[in-house]
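Me: I want to learn how to read salt bridges, interfaces and domain contacts from a model. Please take me through them one by one.

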Amino acid sequence: MINDKFYSRLQDVVGERNITRTPAILDTYAFQWGYEIESAQRGDEPSRFGQRPDAVVLPTTTEEVQTIVKICNEFKVTFKPFSTGMGPWAGVSEPGAIQIDLRRMNRIVEVDPNNLYVVVEPYVTNSELQAELFQYGLMHHAQGAGPQTSPLASHTSFVGPGFTSPYTGFSGRNLLGAEWVAPNGEILRLGSYEHTGKWFTGDGPGFSLRGVIRGWMGAYGGLGVFTKAAIKLYSYPAPKDWTWNISGTIPKYEWEVPKYWKLIVLNFQEWEQYESAFYEVSDHDVVMMATTSSSEGLAALFTDTKMEAIEVIFGGLLARTRRYFIVLIAAHTEREYNYRVKLIRTIMKKYEGEDLIEEGFISPRSAHYAETIRNMLGGHAFRFSNCFQSTHGGMDTVAMAVKLAQVNQPIKSKYIEKGVIGDDRGEGIWTTTYEGGHMAHLEVPTVYDGASKESCLGYAEYQDECNDVDLKQAYGMPFFIVGDKVHDYYASRTMDYPKYLRRIKAAFDPNGISDSSHYVSAKNKSNE
Amino acid sequence: MNTSIHNDLSKIVGPDRVTDKQELLEQFSSNQEDDRTHPSLIVWPSSAEDVSQIVELANTKFFSLIPISSGVPRMSGTSTPKVKGTVILDLGRMNRIIRVDSKNKVAMVEPGVTFSQFLPELRKAGLRPLMPLMPKASQSVLTSCLDREPTTIPRFHWDASDPLLCTETIFGTGEMLRTGSASGPGSLEEQWASGQAQKNPMGPSQFDPFRLVQGSQGTIGIVTWITVKCEVAPEVHRVYLAGSETLESLQKFNYALLKRRLADEHFVLNARCLSAMLGVDTSDSLPVWTLVVGLSGHGPLAQEEFDYRLGDTNDIASETGVFLETTIGSITGDAVHSLLNTPSTEPYWKLTPYGGCREVYFTSTLDMIPSLYDIFLEEAEAAGIGRSRIGAYVQPTVQGVNTNCYFDIFYNPKVEEDIINMEKLVAAGTEQLMDAGAFFSRPPVTIRESVYSRSSPEVLNAMNRVKRIFDPNNVLSPGNLCFEEVFK
Ligand SMILES: Cc1cc2nc3c(=O)[nH]c(=O)nc-3n(C[C@H](O)[C@H](O)[C@H](O)COP(=O)(O)OP(=O)(O)OC[C@H]3O[C@@H](n4cnc5c(N)ncnc54)[C@H](O)[C@@H]3O)c2cc1C
């Protein structure tokens, strides 16, 4: 337990109103989507409750964060920061730790509409940032987790695909600079800012300290606290006089779709045709979204209720869907639009595909266009059960993604037969490309019943099996290879990278106070 | 000590791959009087295994190593030794193009692969490079990527690290790591079998070692191969030009075009720079600034793609008061086109006007460049170099988020006074530019002290901690970056 002296020192920093140790409030921090799987994977009873923090503190400035981190060092108390706080990786992992909740740091610090970057604090949400940026005809890369989550968390600390990835890339690649309170309490500002007062690049002088803070997956809060992030921006392809217009009511909203936008679902008979078309479309950098699921997934994306989805599935979609990907064309001008539509149709024909929308098997409505850009489509996955999580996640080429989809199908089917995960015939996947098709990743969203012990244990076992397949058959590193034990399990086939990660942890967190449960500890805990 | 190291190195690489011949050593030395700048040996490894053993030897026998990959001329000073007894690790003979994968738009190359060797192979595979503007013919593709040299096509430049993807790196400890998705799981062969092509530069896992090696000027690790992003070669590709008296009048156009990812090559040159590039002495008849815009189309609708890009680009041009042409005076877009995506002929174009050229380069944003240029011209005049001898190349990068800018000082290396003036300008100009907001993100050795003096102690401390992780004995390129020399 933390002691009173420690607590009162923190209280001196943030004031009485911004710190608590009331159990009822602390419990809200211990309840997270996904805990039930993490606990099952550890071999514990699946539980939606994780570790309750000993206190929660809400700083409002970088200096306050710094002081809190220094006090934690002094008292050897571990902490876990989070921004909007969604998922088991946002919570503390051990007794006697505190949660740093950054919700009071919620400013958009600067928008540079010409030089295409924005500087945000942790609790600016994707939805707030979009509302601000659309006025400039701009958008940012928002992670697929949804409008209420934090772009800073994603860009600085956590993975980062999104529905608009073909157009806006991957969070880790879009980070320009960051203000970072390192675990020892030092404040570092990466890149151009400390030399020029501007955030246009995070790299240099010399090598880039971005190399320490994030990597592909992000440090998941295991390496200090990020208090500002400079993020790259993109043109929002809508006419100048377009405004965000929404009408109707839940679940039937109507949205004013920008003039040159169009969804197409390209359906092919075989993986081979799918793969060639996916490569070719991605290479041309003509779409905002390019993604695949199962026919059940397709129905879930473009309907508004569970019943409606079921009707669509059995109304012909299930029979007709083979290997498909959805694209959203979002063009700035008529010329751009016409070229892009023609190109997509040409590629579709070349590989003997059809458009499932045009054929009338699925009919996205205007609100689904909005949900694409808002990254709300992922949430539709919750519709068939109260929970989902993804297996795999390896990121390299389209070809690997296509192979992995095929390798996964029988594995997933096995667990479907056991009745522990949702039945999509093993076909449900999610894949997207990046940067003109230079990269792609494939994950396998899987629904389970978070209230059923059997289902949670079953899903956990499925995820473990997927991790093992990726490891043994070289399908890239899955998303959740984090924490000492799992890193070490992957080490021997990945050139023993955890040893370098541990050295970084030791060098930047000498007291080991930034929660290492989803990162790594300096000493190899899994061998102890 | 020298002979014993010589013998040890011979055992690793074979006797004909180590030399202490004075005439070969001298080319690396900047100052004949200062024996610290004389390397003691040159060694030519032929494999990553050799490199790893050499680095381990350096750690046990305490000598420093400077890795080099490109041929002459050496312009940055990075490869000049700063401590006694330095061994030059010349990777030039590791020059295999290991793999060109047109489906995945990527190539895997060793350090010694030069642009002149690389480009024909890409062409055969239907690919085009993402490369700097007219590098010297002997420039290593790998070091160009490691130095974060700007490339000419901003729309393909997603991250400052592009086009670098994965690497195989031997750290200063002698340990080898493949970075990005190349680390595994599995060997390269297993990865190829599962459809991979070493495309994801990030990771492995929760750190980005490639970002620590890139920009480190040989101080963190020695890279024995990289994968590099390429693009599909276009069937239709044309270059348009626009002349302008000021940079400001191109600003709106540049910003609007960059946002749309319409253009391929997109940069601005002053008359001095353009005439040197073209090898013509017509700088007087050229506009003060020339905007270069390449447009292309590829695939099944190549011509239609090109037409749409041209149409939309022209619309932006007319909205922003810019007029794109295929010819300006005696200069044609085709002539400029012929210089793109190809290395310089010999001698290197920057050396043709006066025999010598010193580059001052930094990162900034487009709106900042006009005032920075004025400052530099004033300094040039004050230093006695004269405004007309300053070349300027303004290259938007990271899809328009920032801009890399080169101010080239053309001088005559045979005239003592010219050298003195040039150095005066570099010193004073750099300070002035930094005061006015230029960011020297890739500082050459000559200005490293003044650049790093503006970094905070926290950042320097962090960089030193990284250095201690990957090169604890400071055997790699001591004296580069913010790391001090040792073994004095
Ligand atoms: C329906 C659904 C779809 C999803 N789709 C995607 C997707 O497409 N792409 C994707 O990347 N993820 C996806 N996820 C996973 C989810 O993104 C992440 O949980 C979410 O982005 C992070 O939540 P958050 O933004 O609230 O960040 P937080 O929970 O606040 O933080 C995430 C991690 O970063 C750390 N962190 C946060 N802020 C800071 C800070 N300021 N300093 C240091 N560390 C910090 C936290 O400790 C935590 O470990 C999805 C989740 C759901 C439920």
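The dialogue below goes through these features in turn.

Me: What should I know before reading the values?

Reply: This is a predicted model, where local features need pLDDT of at least 70, side-chain atom pairs count only at pLDDT 80 or more, and totals for chains, interfaces and linings use all residues. Residues are numbered from 1 along each chain as its sequence is written, chains are lettered from A and ligands numbered from 1 in the order in which they are written, and side-chain values use heavy atoms, with hydrogens and water left out.

Me: How many salt bridges does a search of the whole structure find?

Reply: Start with the general idea. Side chains of opposite charge can pair when their charged atoms come close. The rule asks for a side-chain nitrogen of Lys or Arg within 4 Å of a carboxyl oxygen of Asp or Glu. Over all chains, the search gives 70 salt bridges.

Me: Which residue forms a salt bridge with B:Lys11?

Reply: The partner is B:Asp8, with the closest N and O atoms 3.9 Å apart. Both sit in helix H1 (residues 2–13) of chain B, three residues apart, so about one helical turn separates them. Helices (H or I, at least four residues) and strands (E, at least two) are DSSP runs, numbered from the N terminus.

Me: Is B:Lys11 buried or exposed?

Reply: B:Lys11 is exposed, at 70% relative accessible area. B:Asp8 is buried, at 16%. The cut-offs are under 20% for buried, over 50% for exposed, and partly exposed in between (1.4 Å probe, protein chains only).

Me: What about B:Glu381 and B:Arg387?

Reply: They form a salt bridge, with 2.8 Å between the closest N and O atoms. B:Glu381 is partly exposed, with a relative accessible area of 48%. B:Arg387 is partly exposed too, at 37%.

Me: Where do B:Asp418 and B:Arg389 lie in the chain?

Reply: Their side chains meet in a salt bridge, 2.9 Å from N to O. This pair links distant parts of the chain, 29 residues apart. B:Asp418 is in helix H13 (residues 416–435) of chain B, while B:Arg389 is in the loop between helix H12 (369–382) and strand E17 (390–397). Both residues are buried.

Me: What is the area buried between chain B and chain A?

Reply: The size of an interface is often given as the accessible area lost when the parts come together. Here that loss uses a 1.4 Å probe and is summed over both parts. The chains bury about 8100 Å², and carbon and sulfur atoms give 58% of this. In chain B, B:Trp158, B:Gln206 and B:Phe439 lose the most area to chain A, together 11% of what that side buries. By contact (heavy atoms within 4.5 Å), 98 residues of chain B touch 97 residues of chain A.

Me: How many residue pairs are in polar contact across the interface of chain B and chain A?

Reply: A polar contact is a pair of N or O atoms within 3.5 Å; within protein, one must be able to donate a hydrogen and the other to accept it, and residues adjacent in sequence count only if both atoms are side-chain atoms. The rule finds 59 such residue pairs, both at pLDDT 80 or more. Helix H15 (residues 457–470) gives the most to chain B's side, with nine residues. That side divides into 40 nonpolar, 33 polar and 25 charged residues. Ala, Val, Leu, Ile, Met, Phe, Trp, Tyr, Cys and Pro count as nonpolar, Asp, Glu, Lys and Arg as charged, and the others, Gly among them, as polar. Salt bridges between the chains number 15.

Me: How many salt bridges cross the interface of domain 1 of chain A and domain 2 of chain A?

Reply: The rule finds zero there. Polar contact joins five residue pairs across this interface, both residues at pLDDT 80 or more. Domain bounds come from an automatic or database domain assignment, which gives domain 1 as 4–101 and domain 2 as 108–235. The area buried between these two domains is about 1500 Å², with 67% from carbon and sulfur atoms. A:Thr62, A:Ser83 and A:Thr84 supply 36% of the area that domain 1 buries against domain 2, more than any other three residues.
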